[in-house]
Amino acid sequence: MLEFKDVSLTYPNGHQGLKNINLKINDGEFIVVVGMSGAGKSTLIRSINRLVTPTSGELLIDGENILKYKEKDLRKLRTKTGMIFQQHNLVKRMSVLRNVMAGRLGHTGTMRSLLGMFPQEDVKLAMKNLNRVGIGEKAYTRADQLSGGQQQRVSIARVVTQKPKVILADEPVASLDPPTSHVVMKDLKRISKEDNLTTLVNLHFIDMAQEYADRIIGLRDGEVVFDGPVSEVTDKT
Ligand code: ADP
Ligand code: ADP
């Protein structure tokens, strides 16, 4: 369970990125956060793994207020909350398989990860997850040889290989064409449901949100202006 209690974030220049956010998110929910550019979607999602730090309120993950976490606790938090970005997700010159295994870094000992040595079970897990997104046969291809959509599916494989509890996807399809966007969203949703992962996805488009979300959170100027199941979204919303 993920809970925002009166969470606000003021950027150093005085801009209020989030204003009194109150949300309860259940385990396994697939949530799409929608809003115009600048509404605060990215700030909301990034708060959950402390890429940005809210200035007041409480943000609870399984009852623990992560806003109290110190620098040393962040690695644990970021292993629990896997992130997918719009682009520049993968290390270009590395093979697809190595990129996916990078998802294990938070679990691997420091010495092993410095040397790039992964236990055999991590290799197996990475291959399994590549196959789940239909990219198994590209395992030994360099990441930058893949299309944008394939790269995003590799990002999904990497994030689940990390075995997080929460997936945070910040505009994961914003640079893809519509058919490719649907392939990526379908993979993300299927895998999120199969592994019972709480997922928050930022999207620009309401129609795409309606197609995939269990629940839609609408933001405007840093405030929640809509929160409900897809069935409650009407043309008037
Ligand atoms: P969205 O993801 O919905 O496009 P963001 O969360 O990126 O929105 O940004 C919300 C608002 O906060 C925007 O007005 C943006 O310009 C502002 N903002 C984002 N990051 C910073 C920052 N580091 N300093 C000041 N303002 C910022
Ligand atoms: P996005 O819309 O994808 O969130 P932006 O282009 O708005 O990305 O922001 C890119 C980076 O610039 C982010 O790190 C964000 O925090 C920062 N940023 C955005 N708006 C501002 C701002 N008004 N002042 C300072 N930094 C900002």
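**Exercise 1.** How do the residues of the shell around ligand 1 divide into nonpolar, polar and charged?

*Solution.* The model is predicted, so local features need pLDDT of at least 70 and side-chain atom pairs pLDDT 80 or more, while totals for chains, interfaces and linings use all residues. Residues are numbered from 1 along each chain, ligands are numbered from 1 in the order written, and side-chain values use heavy atoms without hydrogens or water.

Step 1. List the residues around ligand 1 (a heavy atom within 4 Å): Tyr-11, Asn-13, His-15, Met-36, Ser-37, Gly-38, Ala-39, Gly-40, Lys-41, Ser-42 and Thr-43.

Step 2. Sort them, with Gly counted as polar; the result is 3 nonpolar, 7 polar and 1 charged.

**Exercise 2.** Is strand β7 (residues 166-170) buried or exposed?

*Solution.* Step 1. Apply the cut-off: buried means under 20% relative accessible area, with a 1.4 Å probe and protein chains only.

Step 1. Examine both directions: Val-166, Leu-168 and Asp-170 point one way, Ile-167 and Ala-169 the other, and all are buried.

Step 2. Conclude: 5 of the 5 residues are buried, so β7 is largely enclosed by the rest of the structure.

Technical notes: Buried means under 20% relative accessible area, exposed over 50%, partly exposed in between (1.4 Å probe, protein chains only). Helices (H or I, at least four residues) and strands (E, at least two) are DSSP runs, numbered from the N terminus.
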